[in-house]
Each structure stands twice: as C-alpha cells, then as structure tokens.
Amino acid sequence: MNSAALSYVTIPREPALLGRPGIELLRSLSRVALQDAIARVGAPAFEISSTPLGAPEAPVGWHVSKTHTEGFAAAAISRAPIGIDAECIHRPRLRAAKECASREELALLGAANDANASTVVLLWTGKEAVLKKLGLGLTGISRCRLVASSGAGQLLFDFDGTRHEVVSQRIGEYWLSSCSLEDVLPIRVKLEESPA
Ligand SMILES: CC(C)(COP(=O)(O)OP(=O)(O)OC[C@H]1O[C@@H](n2cnc3c(N)ncnc32)[C@H](O)[C@@H]1OP(=O)(O)O)[C@@H](O)C(=O)NCCC(=O)NCCS
C-alpha cells in the first residue's frame, strides 16, 4: 500500500460551467478525487476540515491538499506534508502569474522574459504547491523563489532559506505540480457515466 496518492478528474471546459456553479462542481469533484486517493492509500474515511488560513486538515498522521481549476480537479493524501496545484495553460489569471515570475526564474526554465504561457503557469503552480504544503496562501508568494530546474518537470524552490522539491507534470492543457517528500504519480479517476 502506498503512503501517498494523487488523483485527478477532468471535465469539459464548457461556458455553462464557469462562475459559481462551476466552482461548486469542481469542489465536489476534488472531493471525489480525495475519496479515490484515500482509498488507494488505505487511510480511514474522514470529513475534511480547514485551518483558519483555508488549508485542508486531515486526521493525525495524514496530510491532504486539493486544487481545482476550470475543467480539472485533483486531491492528494500523504503521510508527509503535501501541496498540489493545477492550472490551465490558457489561464485567465496569467497576468498575475507573469508578475510573479522573475527574469532569473524564467531563465532557469529555459525561457526568455517573454516566456510563453505554459512556462509561466508551470512556475506559478510550482510556487503554489510549495505554499500549500506550508499551509500558507498566496501571501507567501514573494518569498518563494525557483532556484533550480532539471528541465524534466523537477523544480527546486527556496522559501525563507529552506529548499522544497516540486514535481510538475503536463496533463493535457494543464500543469499539475506537487510538493512532497513522497513520489506521487497522478492517477485519473474515471467518472461514472450519467444515466441517459
Ligand atoms: C490557497 C490558494 C493559494 C489557492 O489558490 P487557487 O489556485 O485559487 O485555488 P486551488 O483550486 O488551486 O486551491 C484551492 C484549495 O486550496 C486549499 N487551500 C486554501 N488555502 C490554503 C492554505 N492556506 N494552505 C494550503 N491549502 C489551502 C483548499 O483546499 C482549497 O480548496 P477549497 O476551495 O475547495 O477549500 C489561495 O486561495 C490563497 O492564497 N488563499 C489564502 C487566502 C488569501 O490569500 N486570500 C486572498 C485571495 S482574495
């Protein structure tokens, strides 16, 4: 039995699923992904609660992280602290991500100042994965800096003098980044077909 699991769900990115109803659907799908991940590590079933900063809380001895963005929802559970983040490379909030990307960081990713959207989103999801592992939100983003990249989706970040490894994988038009001490392979959850 693994001590960490990461599950994800994809759905069509339809205009009808934008806005509040879409967010609620994606939240529920991230819970579906979490149930799948929980089953795969053999953890006991539990109701998720949140810290005052919004970080999801699991029973003692377990850590969880969730992410959802248009068309994609994922969740991970691990014995060690874990943070995951996913974004579409055609992300509407690309401007904010670009503002957080320094010239040095883009150079480490082999990109110039006018880096393409995919590179900027890769960097952003890596930072968010670190910040989620630490239980912080975006407030910590300026203290999180890319310091090395293997070029194969393995990123190394510095946060206040401590190093954090992130593994990023491209899944269709999404980057999914995870920050954990464990190797976690994302597994797709197949949703049951709705009855006709
Ligand atoms: C955590 C945060 C980085 C998530 O960013 P995002 O890309 O918009 O959203 P994602 O779908 O990837 O992640 C959402 C999940 O992150 C988790 N999360 C929220 N705050 C978290 C924190 N402090 N630490 C770890 N995980 C957190 C929750 O599980 C949340 O799922 P839920 O909305 O179903 O409860 C961001 O929401 C944030 O910084 N929140 C803190 C509060 C804050 O700064 N608010 C200002 C925004 S106006």
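Two strands count as paired if DSSP finds at least two bridges between them. Keep that rule at hand for this tour of a predicted model.

Select strand β1, residues 4-10, together with β5. The two run antiparallel and are joined by seven bridges. To see one of the pairings, pick L6, whose bridge partner in β5 is A76.

Follow the chain through the hairpin of β4 and β5, where two residues lie between the strands. At G71, phi is positive, near 85°.

Move to the ligand and select the residues around it. There are 19 of them, with G54, A55, T67, G137 and L138 the closest. By class, this shell holds six nonpolar, eight polar and five charged residues. Colour α1 (19-41), β4 (63-69) and α4 (117-133): each supplies at least two shell residues. The largest share, four residues, comes from β4.

Last, go to R95 in helix α2, residues 94-99. Is R95 buried or exposed? R95 counts as exposed, because it has 9 C-beta neighbours inside 10 Å and the cut-off for exposed is 12 or fewer. Then draw a C-alpha to C-alpha distance from R95 to V120: they are 9.5 Å apart in space and 25 residues apart in sequence.

Terms used. Residues numbered from 1 in each chain as written. Predicted model: local features only at pLDDT ≥ 70, side-chain atom pairs only at ≥ 80, totals over all residues. Near = placed C-beta within 6 Å. Nonpolar A, V, L, I, M, F, W, Y, C, P; charged D, E, K, R; others polar. Buried ≥ 20, exposed ≤ 12 C-beta atoms within 10 Å, placed from the backbone.
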